[in-house]
Structures are given as C-alpha cells and as structure tokens.
Amino acid sequence: MIEFSNIFKTYEMGDTAVHALNGVSLKIEDGEFVAIMGPSGSGKSTLMHILGLLDTPTSGSYKVYGKEVSKLGEDDLAVLRRDVVGFIFQQFNLLPRMSALENVTLPLIYSKNDIDIEKAKGLLQRVGLGERVFHKPNELSGGQQQRVAIARSLINSPKIILADEPTGNLDTKSSNEIMDILKELNAQGITVILVTHEDDIGKQAKRLIKMRDGVVHSDEVIEKVKLGANEEKLDVDYSNEGFKLSEIWEFFRQGFKTLSSNKVRTGLSMLGILIGVAAVVAMLALGKGAQTAIEKQLASLGSNLLVLRPGATNVGGAMLEAGSVTRLTLDDVSSIKEGIQTVKEASPTVQGRGQITYLDKNWNTQVLGASPSYATMHAAVPEIGRFFTDIENKDRSLVAVVGLTIVR
C-alpha cells in the first residue's frame, strides 16, 4: 500500500519558489490499477518521481507498505526502488548492443539474485516474445520493444509497476496489446500505476486520478475491486554484502562486449590512451634526467663554494651585462684569502669566447683563465688537478688546458 499525506514538493528557480505538489494526500491500495492524468505543469511528473522513489518530497509523509520513506537517503531509496518498483518507460530504454534476453536479465546484476536465464525466458514467453529472445532492439517493432521493457520490469518480482506513458510511442494495436498485458499483471495482484495523457488509455484503468496545479483535481473509481488481498509487510534488506564473483564477471563481460561492438572506436581510444601514457612517461623521464644533471652539476661545485662576481654596470644610461667590466683585481683575491680566516682557497677567474685555429681548422670555444687552485676548488678531473699541482710546485708559466673537441 502507498500512502501520501500532505505532500509538498517545492523547487527554487532563482528567487521564485515553484510548488510542483501542493499538499497532495492520497492512498493506493494493493492490487489497484491506477491511471494518473493531467496537463503539462499539473505536477503529474513530480508525483510519478516521488511514487517511483526517484525523488523525495520537501515536506509531508510518504509511506510504502507502512514504512516512512520520505526521509531516506539515496542508497536506501535505490535498494527499496530495486526490490519494490518495476519501471516501464515511454522510450523503452533498452540497451541496443544487448539481446532481448540480456536486457531482461540486466536488473539482476544490481540485485542480490543470481542471473536467472530461465526466469527471463519465461517472462519473455509470458509477454509473447518467446521466439525472439536473442533479437536485438533494432530487430524488434515498437510494441515488441515495450514488451521487452515490461518483462524487464518484472524480473525482480516487484510489488508495484510504474508505467510512464507506456503507449505514447505505439500504434493503436500495439497500445491495446500493452494495456492487455498490464491488465493481466494487475489481475495477478500486482499494483499498476499508469501515467498517461490519453483519455482512452486512462479510462481502461480501474481508478482515474486527475492532477491540476499541483493538487489532486479529481479521484474517480471506475471499477470497484477487492483491495488489500495481497497486502504484506515490507521486508527490504538494506545491508551491503559487496560484490559477488558472478557480479564482477558479469560486469567484465558487459564491458568487453561494449568494447568489441565498435572496434574502430575502441582501437582509437586505446591508441589515445597509449600516446597519453607514453607522453607522460617521457616528460617524467626528461624531468628526472634534467633534475639529476642539475644535482650533479651542483654537487661538483661543492657545498662550500662561494662565487663572487661584479655587478652590472651603467654606462651612459645603458645597462651592461654582469661581468662586462672587471672591477675585481688580483690584490682583491689575496686580500680575501688572507683577511678572512674561513676562506681556504681563492682563485681569480676571467672568461670569454675565442676562435681557436690550427692550420685549416678552427673552432669557437669558451676560454677560462684561472689560478692552479681553481682545479681543487671545483673538484676537477684528477689528471688536471695533478697537472695544476705540478705547475704550482714548479716555476709558474702560462698554460692552456684544452678539451678533446679542440684537440680534434
């Protein structure tokens, strides 16, 4: 049994409050066949969403089989919706890549029931599609697709069938066939709630509720039926047992089937992912390599090495680059070494670029002039360090230490 008591539903649209439902109160007993009608903006769709546990009211009481559900959270509503309500949509909402049988069994993935192929086949047989269980939606007519949707809504044995314009996209013959199936389900004790715009469809129900301006405008009983014969206590297990192995396997199977249904798109997507991953790996490798090179360069300088350079010079209003004018002399170097006790070594340097020539060969290179202590201070190659030491121990003379490029 479903019971609304003073239900309000308000939406905020900017500074304006819109009352989609304005104090609706109604009761739908077990086994009823109810049609809800009304013009656009009457609150019919909002009422359907709350009935189907897709939304909660702003205020008021909503009870399903005696259980207050108006304040339930999203997860609890999902569990209750799964076990109590079966949905039939105007647009069918069948997955095109799946057969009729797979579409019917799909809700079982999200329930605690096992994938029951025989039950799904039985439901398709029940709606007259026993010979088309392996047909895909594009191989079925509109009426046949809606029958698949009806079979899918029954797979979890719901207590309530909520049909949203189930005949809206069908011809007259197919509409009558769908209504006959719904009447048959109602005769078996299932509560059927039908939302429609069509008068002839609404009048086939046993109770007709008309909405207008967010309130129940009229509530007419067309055919009296014995109510409450199948009333039972709502027993829903809200515990979360986690994924079962069969569910995980079914998820992977559906995923692979989706990927294989469009091989070109899947291949391009995989190629894009591979290129993206490769680009990220390459950038990380370059960044790591650059970081390592800089760390080695800094380590070669030593942690206790201080470089003193002359600042930039302003000549005639023009700023020259740093080091373009030499302000430090050899005497300054001697004064620093002798006057500061913590300075172990001091080496003057001067650098620039020069064109090195030998016969018909030449090379533009950097030229650095320094004292013998420079090699020790900069942790130079041992051979060069020994060379400078030998020079320092003997009579000093002007030397040039060249690299392999210049030698060649």
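This is a predicted model: local features need pLDDT of at least 70, side-chain atom pairs count only at pLDDT 80 or more; totals for chains, interfaces and linings use all residues.
**Helix packing and aromatic pairs**

Good morning. In helix α4, residues K119, L123, L124 and R126 meet V148, A151 and L154 of helix α5. By class, the residues of this contact of α4 with α5 divide into five nonpolar, no polar and two charged.

Helix α4 covers residues 117-126 and helix α5 covers residues 142-154, and their axes lie 9 Å apart at an angle of about 135°. The two helices are therefore oblique to each other. The crossing in which α4 passes α5 is right-handed.

I turn now to the other partner of α5. Helix α6, residues 172-187, packs against α5 with the axes 9 Å apart and an angle of about 15°. Angles under 35 degrees count as roughly parallel, and α5 and α6 are therefore described in that way. Their crossing is right-handed.

Which residues make up the contact of α5 with α6? From α5 come G143, Q146, R147, I150 and L154, and these meet S174, E177, I178, I181 and L185 in α6. This contact has five nonpolar, three polar and two charged residues. Please note L154 of α5, which is listed in the contact with α4 and also in the contact with α6.

The second topic is the aromatic residues. The structure holds two aromatic pairs. One is formed by F4 and Y62, whose rings are 4.6 Å apart centre to centre, with 85° between the planes, an edge-to-face arrangement. F4 belongs to strand β1, residues 2-13, and Y62 to strand β4, residues 59-64, so this pair ties together parts that are 58 residues apart in sequence.

Are these two side chains buried or exposed? F4 is buried, with a relative accessible area of 3%, and Y62 is buried as well, at 1%.

In the pair of F87 and F89, the ring centres are 5.9 Å apart and the planes are at 5°, so this pair is stacked. Why does F87 count as buried? Its relative accessibility is 16%, and buried means under 20%. F89, with a relative accessible area of 29%, is partly exposed.

Of the aromatic pairs, F4 with Y62 is edge-to-face, whereas F87 with F89 is stacked. Thank you for your attention.

Technical notes: Residues are numbered from 1 along each chain as its sequence is written. Side-chain values use heavy atoms; hydrogens and water are left out. Axes are lines fitted to C-alpha atoms, for helices over the stretch in contact, and angles run from 0 to 180 degrees between N-to-C directions. Helices (H or I, at least four residues) and strands (E, at least two) are DSSP runs, numbered from the N terminus. Angles under 35 degrees count as roughly parallel, over 145 as roughly antiparallel, 65 to 115 as roughly perpendicular and the rest as oblique. A crossing is left-handed if the near helix is turned anticlockwise from the far one by less than a right angle, and right-handed if clockwise. Contact means heavy atoms within 4.5 Å. Ala, Val, Leu, Ile, Met, Phe, Trp, Tyr, Cys and Pro count as nonpolar, Asp, Glu, Lys and Arg as charged, and the others, Gly among them, as polar. Rings of Phe, Tyr and Trp (its six-membered ring) pair if their centres lie within 6.5 Å; planes under 30 degrees apart count as stacked, over 60 as edge-to-face and the rest as tilted. Buried means under 20% relative accessible area, exposed over 50%, partly exposed in between (1.4 Å probe, protein chains only).
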